[in-house]
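Please walk me through this protein structure.

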Amino acid sequence: MVTTVRTGRIPGEHPTAGASFRVRCRLMNVPGTLAGLLAQVGNLGSDVRSVELIETRYDYVLRDVTFLAYSPEHASSVVAAMRTAPNVDIISVTDLTLEVHAGGKIAVALKSAVENGDDLARVYTPGVGRVAKLIAADQGRAWDLTSKGNAVAIVTDGSAVLGLGSLGPLAALPVMEGKAILFRKMAGIDAWPLCLDVHTIPEIVDAVCAVAPSFGAINLEDIAAPACFEVERLLSERLGIPVFHDDQHGTAIVVLSALYNAMKLTGQTLGALRVVICGVGAAGSACARLLVRAGVEDIIGVDREGIIQSPLKVGGVEVNLNPRAVVGGLAEAMEDADVLIGTSAGGLVSREMVASMRAPRIVFALANPDPEIHPSEIGDLAQIVATGRSDYPNQINNGLVFPGLFRGLLDCRARRVSVAVMLAVAQALSEVVPSDSLATDYLMPSLLDPLVPVAIAQAVRKVLSTEKH
């Protein structure tokens with residue numbers, strides 16, 4: 001136990017690419033040197049991914065050893081152990097995650113060549129003036145003649161960054177850049193991080209409205225509850241383009257989609273389920289509202305004060321989160337439940353709580369970076385366990401939803417995102433995994449599955465073709 005704490009390892013955890021390191025080593029030409037070095041790495045539980053030969057000399061060789069750790073602290077312990085290996089000198093240590101982020105992860109690319117004066121006259125003055133006049137006369141032409149029709153603003157104030165809390169707009173920037181990468185890679189959308197150094201509801205709304213003409217849709221991200229609810233409502237009222245708070249509705253859509261597939265595996269139905277939602281902030285409350293619209297009738301919500309005893313009203317929709325009038329806290333709520341959806345914080349759920357659920361037990365522990373309970377602790381209890389992380393099976397992550405959703409919205413020049421659209425997206429996402437391929441450890445497709453955004457965008461277009469938006 002002492003070694004586990006000292007090296008930064010967490011019980012139930014395993015090495016992750018989020019803590020990957022490359023160590024350049026000088027190894028003397030002595031038999032067994034490389035084997036001894038790798039033994040030092042492996043003995044501390046890290047995962048060696050590659051050993052590359054960089055340079056060979058008569059008396060030594062240079063090698064790059066790349067390994068995955070549990071955390072940066074664990075990696076430091078691994079490197080310290082490598083320094084003790086006989087006949088080895090450590091030349092440098094590179095944090096590969098920081099290396100990927102160096103200089104930022106996104107950039108502007110030109111779609112039109114500018115090689116001579118004629119090109120310049122077309123893309124800029126005097127030609128651009130004619131385009132400006134066309135748009136002034138008919139603002140709808142901006143969708144055809146500018147980047148607006150393929151541009152999304154990713155807006156945050158940094159008040160709820162991932163599961164890390166209020167880190168501020170600058171700390172939120174690498175997260176928003178990561179989302180922009182997924183927008184471009186998965187759906188061909190140009191997304192721009194707008195990290196706002198304002199934090200009141202009117203300031204956020206006014207800032208977004210001021211820049212909205214440049215965009216075809218707004219993706220709200222990492223804005224803390226309860227402000228996020230009012231920000232979304234006010235922006236939806238003031239703007240004529242879709243406003244979608246991903247932490248709320250993206251999470252709700254992907255949770256419902258995963259639940260659809262879980263039902264296929266267990267033979268249960270949504271209407272017969274007893275569902276517990278641990279954490280009823282932005283994500284949890286949106287999950288409750290969408291699950292009710294999909295047919296779930298028995299939902300118990302639990303917050304810091306215990307089981308919620310009065311109806312929850314968010315966005316004008318009232319949901320009873322305790323229809324059986326259960327009293328107590330999370331332990332009491334989970335007794336005889338079928339499904340646990342965690343949108344709270346790591347370590348809140350015990351093995352005993354899961355054991356009190358009704359078999360087959362479905363646990364979606366979605367807190368990031370640490371789930372409410374680690375899958376390894378309940379693998380023998382729950383038939384289906386999912387998290388929000390990419391390094392465990394069954395990742396339930398809103399990254400599955402937003403690229404295809406916004407692709408469909410932009411294609412249709414939508415003005416809003418309806419419940420019908422969200423339900424259709426959840427169904428389409430669930431069907432990306434064929435029924436004969438579903439398994440307890442293969443509930444959802446990969447975030448990088450190219451079929452996902454195509455299926456979702458098609459579902460959005462189908463709904464919007466018949467829905468007035």
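This tour of a predicted model goes from a pocket to ring pairs and then to charged pairs.

Start with empty space. Rolling a probe the size of a water molecule over the atoms shows where such space is left. The second largest pocket has a volume of about 720 Å³. Its lining is made of 21 residues. Val108, Ala109, Lys111, Ser147 and Asp190 lie nearest the centre of this pocket. Helix H7 (142–145), helix H8 (169–187) and strand S6 (190–195) each give two or more residues to the lining. By class, that lining has twelve nonpolar, four polar and five charged residues.

Now turn to the rings. The whole structure holds four aromatic pairs. Take Phe21 and Phe67. Their ring centres are 6.1 Å apart and their planes meet at 25°, so this pair is stacked. Planes under 30 degrees apart count as stacked. Phe21 belongs to strand S1 (residues 16–28) and Phe67 to strand S3 (residues 60–69), so the pair ties together parts that are 46 residues apart in sequence. Both Phe21 and Phe67 are buried.

Phe183 and Phe406 make an edge-to-face pair, with 5.4 Å from centre to centre and 80° between the planes. This pair links distant parts of the chain. Phe183 sits in helix H8 and Phe406 in helix H15 (residues 402–411), 223 residues apart. Phe183 has a relative accessible area of 0%, so Phe183 is buried. Phe406 is also at 0% and counts as buried. Ring pairs join Phe183, Phe244, Phe402 and Phe406 into a cluster.

The charged end of Lys179 lies over the ring of Phe402, 4.0 Å from its centre. Arg26 lies over the face of Tyr60, at 5.3 Å from the ring centre.

What about charges that meet each other? The structure has 20 salt bridges. One of them joins Glu237 and Arg233, at 2.7 Å from N to O. These two residues are four apart in helix H10 (residues 227–238), so about one helical turn separates them. Glu237 is exposed at 55% relative accessibility, while Arg233 is partly exposed at 35%.

Another salt bridge pairs Arg358 with Asp338, their closest N and O atoms being 2.7 Å apart. The partners are 20 residues apart, and each lies in a loop. Is Asp338 buried or exposed? Its relative accessible area is 5%, so Asp338 is buried. Arg358, at 31%, counts as partly exposed. Finally, salt bridges with shared partners join Lys179, Glu221 and Asp246 into one network.

Technical notes:
Residues numbered from 1 in each chain as written. Predicted model: local features only at pLDDT ≥ 70, side-chain atom pairs only at ≥ 80, totals over all residues. Heavy atoms only, no water. 1 Å grid on protein atoms, 1.4 Å probe; cavity = no way out; pocket = protein on both sides within 12 Å on 5 of 7 lines; lining within 4 Å. Points joined across faces, edges and corners; volume = space filled by probe spheres on them. Nonpolar A, V, L, I, M, F, W, Y, C, P; charged D, E, K, R; others polar. Phe/Tyr/Trp six-rings, centres within 6.5 Å; stacked < 30°, edge-to-face > 60°. Buried < 20%, exposed > 50% of the residue type's maximum accessible area, 1.4 Å probe, protein only. Lys NZ or Arg CZ within 6 Å of the ring centre and 35° of its normal. Salt bridge = Lys/Arg side-chain N within 4 Å of Asp/Glu carboxyl O.
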